[in-house]
Each structure stands twice: as C-alpha cells, then as structure tokens.
Amino acid sequence: MSERVPPHLYFVVSAVFHYLGPAFAVLLFARVDVLGVAWLRIASAALVFALWRRPWRAFAKLDHPGRRLLVAWGTVLAVMNACFYVAIDRLPLGTVAAIEFLPVIALAALGARSPRNALALVLAVPGVYLLTGVQLAGEPLGVALAFANAVLFAAYIVLAHRVARHGELSGIDGLAASMLIAAVVVTPIGGWEVIPALTDPVALLAGVGVGLCSSVIPYVSDQLAMRRLPRATYALMVSLLPATATVIGIAVLAQVPSLVEVAGVGLVIAGVAVHRQSPEQPTPAAPVERAAPPGRASALAAAGGRRS
C-alpha cells in the first residue's frame, strides 16, 4: 500500500512532523519544564523503537569499538536534544532550524571544496548572521545553545555515517540502540524535571505525543520518501525545511518573523539548495543507515550528507 502513495507526500508528512513535534513541545513547556519535555520525547521514542526492534540484541553482538561508537552516538543525541529544546524555548523555531544548517553546509564545503559549496557558505553565513543579529541582544544564551545544537548535529552526522559503515548494524537497529542510550544519558540531565509532572496524565500523554511526532512519524515517513525519490530531488526538497519550520512557528506558536529574519531564512534556504555533499559523506539516498537526529533530524542529516 505504501507504494501507492506519491513519495512527495511522504516527504511533506516528514517535513511537517519534524517541526510540528518541537512546536507542540514549546506549548508543553507551560506544564513541564523544558528539559523534562526533552526527556519525555527521547524516552517515549526509545520505548517505541525498543518494542519494535529489540536493539539490545544487535548491541550484544557488536565488538567493543562498535559499542563505543553507539554510546558516543547516543550521548551526542541526548545532549543535542537538550540544547535544542532549551534553544527553542528562547528563540523562534525557524531561527534555530536555520542555524542548524550552517555546520551541515560547512561539512559539505570541507569535504568537497568546490565553487558551488563556497557559494553555499557565502549565502548561508550572512543568513545566519541576520538571524542571530536579531536575537543576540535579547537572548544570548538561546543563540549560544542554538549554535551548540548545530555543532552537535554536525557531530551526529559524522557518527551516524560511521554507524552506517559498520557491517554488524542495520540502520534502524543502530538508531534504536542509540535512542536507548540517549534515554539513559538524558535522564540525569532532564529526568528530574519530569517528576512534578508524574501526577499530570495529560502532560505525560502530551510528552509521549511529542516523541511520536518528533521521532517516530517523521523517521518512518523519511524512509518511505527517500526510498523512491531521486537523490537530487530529495536534496532540493530538504532545502525548504527552514521555511517549513518558520511556517509552523507562525501557525502553531504565533512566532511571526520580521523582514530581516525572513531574509536570513531565505539566504539559508538558498545555501542549502546550492550545496552538494562530498562523496565521502552519507548520502540522502540512505536515510535509514544514517538515521536521524531526534527532534528534527532525519531529513536534515540527509541534506548535509545526511541532525538529528
């Protein structure tokens, strides 16, 4: 049945839910502290993937380097999502999403030093400058965490690529195992913030909904889309993700951007559309093998040679 649905529709579902989940998380911040929401999101996604894939079986078969790789991947995933959630609590969703693309483009430029990737950086850097210039005076911590999230996302792409090349792991099993590790790592960071919400079933169910919207639905949709879309078509469509985040920010959170912010997002979109990853980077055609950073991830990682 999945083959009857146009692949572009799967991409639309993935793109919307990649940012609809974080937008719902922002609304949930009124009932659960920020890091508590991050914990709920990772823990609920980890539970779904654990029930589906039983990733401990794959983990047990790995050698020590393979296990260390998964632990590193899961740790980066946990810290990245904590930074992302604190950032979107302080900055517009579209701004954080656009900043996230800068190291992705930089990785591509370092891997393939071409005029095309140089142009991508020339477009994206001033775009991010415009976005951060608007926010830096009022929310320096939010900007700092948005950049920390972006750097961790770049690290996530590199680690995901290494997992993809590991012969003993399938893509989804690797993602499932890393999500379980992330749930363990994020517990001392934000698990304690969930305690006051344990008597609030509405908040707990909403947190589970955030996990499903942010990780499960978009990941599955990504795989269905990227399996059938041409690589170039998918990469071009990924460039629209900052715009998707901005639109969802307007519709769900009433975060109406200024003209300067619109210009910044536009420059980042142009940079993502222009850039091309190097042959050594993971490609958009193999999303499951790279997996995606929770929260917004799978399609973003594909864009940069995938974040997530």
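Student: Is the crossing of H5 and H7 left-handed or right-handed?
Tutor: Good place to start! Keep in mind that we are looking at a predicted model. For the pair H5 and H7, the crossing is right-handed.

Student: At what angle do helix H5 and helix H7 pack?
Tutor: Find H5 at residues 93-111 and H7 at residues 140-164. Their axes lie 8 Å apart, and the packing angle is about 45°.

Student: Which residues of H5 and H7 make the contact?
Tutor: Let's take one helix at a time. H5 brings Val96, Ile99, Glu100, Leu102, Pro103, Val104 and Leu107. On the side of H7 the residues are Ala146, Phe147, Asn149, Ala150, Val151, Phe153, Ala154, Ile157 and Val158.

Student: How many nonpolar residues does the contact of H5 with H7 have?
Tutor: Sort the residues by class. There is one charged residue and one polar residue in this contact. The nonpolar residues number 14.

Student: Now the whole protein: how many helices are there?
Tutor: The protein has zero strands. Read from the N terminus, its elements are written α-α-α-α-α-α-α-α-α-α-α-α-α-α. The number of helices is 14.

Student: What percentage of the residues in the protein is buried?
Tutor: The protein has 308 residues. Its accessible surface is about 12,300 Å², with 71% belonging to carbon and sulfur atoms. As for buried residues, they make up 57%.

Student: At what angle do the axes of helix H1 and helix H11 cross?
Tutor: H1 covers residues 7-28, and H11 covers residues 241-253. Their axes come within 9 Å, crossing at roughly 45°. That makes this pair oblique. The crossing is right-handed, and the angle asked for is roughly 45°.

Student: Which residues of H1 and H11 make the contact, and how many of them are charged?
Tutor: From H1 come Phe11, Ala15, Val16, Tyr19, Leu20, Ala23, Phe24, Val26 and Leu27. H11 supplies Leu241, Thr244, Ala245, Ile248, Val252 and Leu253.

Student: Is valine 26 buried or exposed?
Tutor: Valine 26 sits in helix H1. Its relative accessible area is 18%, and buried means under 20%, so valine 26 is buried.

Student: Which residues does valine 26 touch, not counting those up to four places away in sequence?
Tutor: Let's look past its sequence neighbours. The C-alpha atom of valine 26 is 9.9 Å from that of valine 210, although the two are 184 residues apart along the chain. The residues that valine 26 touches are Ile88 and Leu253.

Student: Is tyrosine 129 buried or exposed?
Tutor: Look for tyrosine 129 in helix H6, residues 115-135. From C-alpha to C-alpha, tyrosine 129 is 9.1 Å from isoleucine 99, which is 30 residues apart from it in sequence. With a relative accessible area of 60%, above the 50% cut-off, tyrosine 129 is exposed.

Student: Where is arginine 54 found?
Tutor: Arginine 54 has a positive phi of about 50°, although it is not a glycine. Its relative accessible area of 33% makes it partly exposed. Its place is the loop between helix H2 (34-53) and helix H3 (55-61).

Student: What is the phi of alanine 254?
Tutor: Alanine 254 lies in the loop between H11 and H12. At 61% relative accessibility, this residue counts as exposed. It is a residue other than glycine with a positive phi, near 55°.

Student: Which residues is phenylalanine 59 in contact with, leaving aside neighbours within four places in sequence?
Tutor: Phenylalanine 59 belongs to helix H3. It is partly exposed, with a relative accessible area of 27%. The residues in contact with phenylalanine 59 are Arg67, Leu70 and Ile181.

Notes: Residues are numbered from 1 along each chain as its sequence is written. This is a predicted model: local features need pLDDT of at least 70, side-chain atom pairs count only at pLDDT 80 or more; totals for chains, interfaces and linings use all residues. Side-chain values use heavy atoms; hydrogens and water are left out. Helices (H or I, at least four residues) and strands (E, at least two) are DSSP runs, numbered from the N terminus. Buried means under 20% relative accessible area, exposed over 50%, partly exposed in between (1.4 Å probe, protein chains only). Accessible areas come from the Shrake-Rupley method with a 1.4 Å probe; for residues, only the protein chains shown count as cover. Axes are lines fitted to C-alpha atoms, for helices over the stretch in contact, and angles run from 0 to 180 degrees between N-to-C directions. A crossing is left-handed if the near helix is turned anticlockwise from the far one by less than a right angle, and right-handed if clockwise. Contact means heavy atoms within 4.5 Å. Ala, Val, Leu, Ile, Met, Phe, Trp, Tyr, Cys and Pro count as nonpolar, Asp, Glu, Lys and Arg as charged, and the others, Gly among them, as polar. Angles under 35 degrees count as roughly parallel, over 145 as roughly antiparallel, 65 to 115 as roughly perpendicular and the rest as oblique.
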